[in-house]
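Subject: Structure for you to take over

Hello,

I am handing this structure over to you, and my notes on it follow below. Please look through the sequence and the model before reading on.

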Amino acid sequence: LLALRDKLLALTVVLVEVDGEDDATIIFQTLNSRGKDLEQKDLVRAHLLSILKPPNEDLDQARDQWEGMIDSFDESAANISMNRFLLHSWLSRKDYVGEKALFKSVKRAVKANTARSYLDELLTDADLYRTAQEPSWRQWKKAQLQVRYSLEAMSLFRLQQPIPFVL
């Protein structure tokens with residue numbers, strides 16, 4: 001307990017006050033770049049939510065929609081990676097980029113006038129992605145069963161390369 005107390009007493013708390021959320025986002029990204037690398041999902045989320053500011057503090061639709069995607073993936077039996085999803089969604093609609101360069105491409109392409117449509121694309125792709133990764137999640141009509149069987153075969157053999165094409 002004494003060692004724990006000494007460590008707590010040795011901590012330094014730094015308070016940084018900024019004028020706006022944009023400044024806070026820049027400081028957040030800068031400070032976090034010094035330690036453990038942020039994942040692509042964290043960077044894309046911060047970028048999108050900084051652009052799509054809620055008009056009302058109590059109603060943050062963009063944040064709720066983002067959290068809904070994460071909740072859906074967390075509930076999945078397929079162990080879906082949000083980072084992989086973001087990459088596959090991007091590759092299905094845009095030019096090829098590697099996983100490390102994804103955020104730079106998103107930041108370059110997604111501005112204030114395109115942020116809402118990009119989030120809407122992600123929401124649409126999230127349902128399709130979960131269906132592709134976990135075909136049993138969706139209700140299939142008889143005419144669609146061949147598609148389900150194909151997706152199940154891809155899942156069985158853990159094929160990831162064709163997923164952007166499937167989207």
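Predicted model: local features only at pLDDT ≥ 70, side-chain atom pairs only at ≥ 80, totals over all residues.

Two helices, helix 7 and helix 8, each contribute at least two residues to the lining of the second largest pocket.

Asn79 is located in the loop between helix 4 and helix 5. Its phi is positive, at about 55°, although Asn79 is not a glycine. With a relative accessible area of 72%, Asn79 counts as exposed, because the cut-off for that class is over 50%. Arg158 is located in another part of the chain, the loop between helix 8 and helix 9. Arg158 is not a glycine either, and has a positive phi of about 55°. The relative accessible area of Arg158 is 72%, so this residue is exposed.

Phe157 also lies in the loop between helix 8 and helix 9, the latter covering 163–166. Phe157 has a relative accessible area of 59% and is therefore exposed. In sequence Phe157 is 148 residues away from Leu9, and 53 Å separates the C-alpha atoms of the two.

Now the chain as a whole. It has nine helices and zero strands, so to speak of its order along the sequence is to give the pattern α-α-α-α-α-α-α-α-α. The C-alpha trace spans about 65 × 45 × 35 Å along its principal axes. The radius of gyration of the chain is 20 Å, whereas a compact globule of 167 residues would have a value near 15 Å. Of the 167 residues, 31% count as buried. Taking the contacts between residues at least 6 apart in sequence, 62% of them join residues that are at least 24 apart.

Which residues have the most contacts inside the largest nonpolar core? They are Leu48, Trp66, Phe85, Leu86 and Tyr118, in a core of 31 residues. Two or more residues of this core come from each of helix 3 (40–51), helix 4 (61–75), helix 5 (82–93), helix 6 (102–109), helix 7 and helix 8. Helix 7 gives the most, with seven residues.

Trp66 is one of the residues with the most contacts inside that core. Setting aside neighbours within four places in sequence, Trp66 is in contact with Lys41, Val44, Arg45, Leu48, Met82, Leu86, Leu119 and Leu122. Two of these partners, Leu48 and Leu86, are themselves listed among the residues with the most contacts inside the core.

His47 belongs to helix 3. Is His47 buried or exposed? Its relative accessible area is 10%, and the cut-off for buried is under 20%, so His47 is buried. Not counting residues up to four places away in sequence, His47 touches Phe103, Val106, Lys107 and Val110.

The last pair to look at is Ser72 and Trp137, which touch each other. Ser72 is part of helix 4. At a relative accessible area of 15%, Ser72 is buried. Apart from residues up to four places away in sequence, Ser72 touches Arg130 and Trp137.

Trp137 is found in the loop that runs between helix 7 (115–133) and helix 8 (145–156). Its relative accessibility is 35%, which means that Trp137 is partly exposed, since that class lies between the 20% and 50% cut-offs. Leaving out neighbours within four places in sequence, the contacts of Trp137 are Ser72, Asp127, Arg130 and Thr131. Trp137 and Ala3 are 134 residues apart along the chain, and their C-alpha atoms are separated by 50 Å.

Regards

Notes. Residues numbered from 1 in each chain as written. Heavy atoms only, no water. Helix = DSSP H or I, 4+ residues; strand = E, 2+ residues; numbered from the N terminus. Buried < 20%, exposed > 50% of the residue type's maximum accessible area, 1.4 Å probe, protein only. Contact = heavy atoms within 4.5 Å. Core = buried A, V, L, I, M, F, W, Y, C linked by side-chain atoms within 4.5 Å. Rg over C-alpha atoms; globule rule 2.2 N^0.38 Å.
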